[in-house]
Amino acid sequence: MRFKKFGKTDMNVSVVGYGAWELGGNWGPIEKENGVKILNLAYDNGVNFFDTAPAYGRGQSEEIVGEFLKGKKREDLYIATKCGLEWDQRGRIRNNLKKERVLKEIDDSLRRLKCDYVDLYQIHWPDPNTPLEETAEALQQILDSKKARYIGVSNFSAQQVETLIKYVDIVSTQNYYNLLVRNVEKELFPVVDKYDLTVIPYSPLAKGLLTGKISKDYEPPKNDPRAMDEIFKNKELFIKSVEKVEELKILANRIGRPLSQMAINWLLHHKQVSTVIAGSKDEKHVLENIEAGNWELSDDIYLKIEKIVGE
Ligand SMILES: NC(=O)c1ccc[n+]([C@@H]2O[C@H](COP(=O)([O-])OP(=O)(O)OC[C@H]3O[C@@H](n4cnc5c(N)ncnc54)[C@H](OP(=O)(O)O)[C@@H]3O)[C@@H](O)[C@H]2O)c1
């Protein structure tokens, strides 16, 4: 496993991390013990960066990460979680970044994670009803009380990063970014470079599309996270994407690597990216993704990929 410095922090993260949305039950049911087993498998094979959120299964994902942390040396691992989404009794989710809500959320997360601090505390989504200055006060308090070591954002625009960073220091931004969805490069890389941030690409495998296992006739089941994703919803875009994936698969075959690994290493070829958090609840897939941390993409293959995917 290769390791990279996480932006301007002192964290040395595994280039392949683990995304724990898959442990929340939203991607089909998962037993707690299986979730812990998957996390241990990733950890035993070199992964030290784990991304979760309260919203992933309304606390379930964080609880499974908490079980996994039991008996581990806490400083050997980096745990990232998020705030800003709350749910009602019927499970409907809404934004809330009010100061008192954020201060409550960190305590709820630490209780579920069974630890004293998280390494990275990220705003999950912006809340149009709360000024960023108010949220920043809560985040600064969380930093001062050492409940979080660093602050990050997710799904923020460049302008929102510029605003928040005036009030509280941030180190990372997590956004939808992969071979098929590249807006981040134009929209966020300038601000990422300006403030020496690092990008955590989410859905790095385009929710499974970039593994080559999804064909043109695929229809996501009604409650599957893919059913809400533009790349699956927009038929024309979906067909075009699958065609690109077919070409990428030929290239991956030529270099003798699975497409999933090529997609992960394409992200890591960008200096702004330090860790890629693919999610999976399948042991074989977890191991396949981790293997991407043991090789690097050559400039020549990078350029061939660019020709296929375009901007
Ligand atoms: N900040 C945000 O708003 C946000 C939004 C989305 C995601 N995220 C984070 O990003 C992480 C990853 O994103 P994601 O879960 O949306 O999508 P993803 O990692 O792009 O894809 C996950 C899907 O791909 C499949 N998969 C993974 N590796 C595979 C392999 N080697 N071969 C075949 N199939 C494979 C998984 O199925 P199996 O279980 O069958 O392997 C799963 O269905 C999440 O866990 C979460 O931590 C954050």
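Thr9 counts as buried, at 2% relative accessibility; here buried means under 20% relative accessible area, exposed means over 50%, and partly exposed is what lies in between (1.4 Å probe, protein chains only). Thr9 is found in the loop between strand S1 (3–5) and strand S2 (12–14). Helices (H or I, at least four residues) and strands (E, at least two) are DSSP runs, numbered from the N terminus. Leaving aside residues up to four places away in sequence, Thr9 touches Tyr150 and Val171, where contact means heavy atoms within 4.5 Å.

A word on the model: it is predicted, so local features need pLDDT of at least 70 and side-chain atom pairs count only at pLDDT 80 or more, while totals for chains, interfaces and linings use all residues. Residues are numbered from 1 along each chain as its sequence is written, and side-chain values use heavy atoms, with hydrogens and water left out.

Now for the chain as a whole. Its secondary structure comes to 12 helices and 11 strands. The radius of gyration is 19 Å, close to the 19 Å that the globule rule gives for 311 residues, so the chain is as compact as a globular protein of that length. That radius is taken over C-alpha atoms, and the rule is 2.2 Å times the number of residues to the power 0.38. Along the principal axes, the C-alpha atoms fill a box of roughly 50 × 40 × 40 Å.

Of the 311 residues, 56% count as buried. Take the contacts between residues at least 6 apart in sequence: 75% of them join residues at least 24 apart. The chain exposes about 14,000 Å², with carbon and sulfur atoms supplying 48% of that area; the areas come from the Shrake-Rupley method with a 1.4 Å probe, and for residues only the protein chains shown count as cover.

What about charge? The mean positions of the 46 positive and 48 negative charges are 1 Å apart. Lys and Arg count as positive and Asp and Glu as negative, while His and the chain ends are not counted.

UniProt, in an unreviewed entry, places the feature "domain: NADP-dependent oxidoreductase" at residues 16–308. Over residues 16–308 the chain is 42% helix and 14% strand, and the end C-alpha atoms are 24 Å apart.

Arg58 has phi near 45 degrees, and so does Ser203, with phi near 45 degrees.

Finally, a pair of arginines. Arg92 is found in the loop between strand S6 (85–87) and strand S7 (93–95), and is partly exposed, with a relative accessible area of 48%. Beyond residues up to four places away in sequence, Arg92 touches Glu86 and Trp87. The C-alpha atoms of Arg92 and Phe238, 146 residues apart along the chain, are separated by 28 Å.

Arg94 sits in strand S7 and counts as exposed, at 53% relative accessibility. Again not counting residues up to four places away in sequence, Arg94 touches Gly84, Leu85 and Glu86. The C-alpha atoms of Arg94 and Gly84, 10 residues apart along the chain, are separated by 8.3 Å.

How values were computed:
UniProt positions are given in the numbering used here, feature names are shortened, and annotations may be inferred rather than shown by experiment. The place of a charge is taken as NZ of Lys, CZ of Arg, CG of Asp or CD of Glu.
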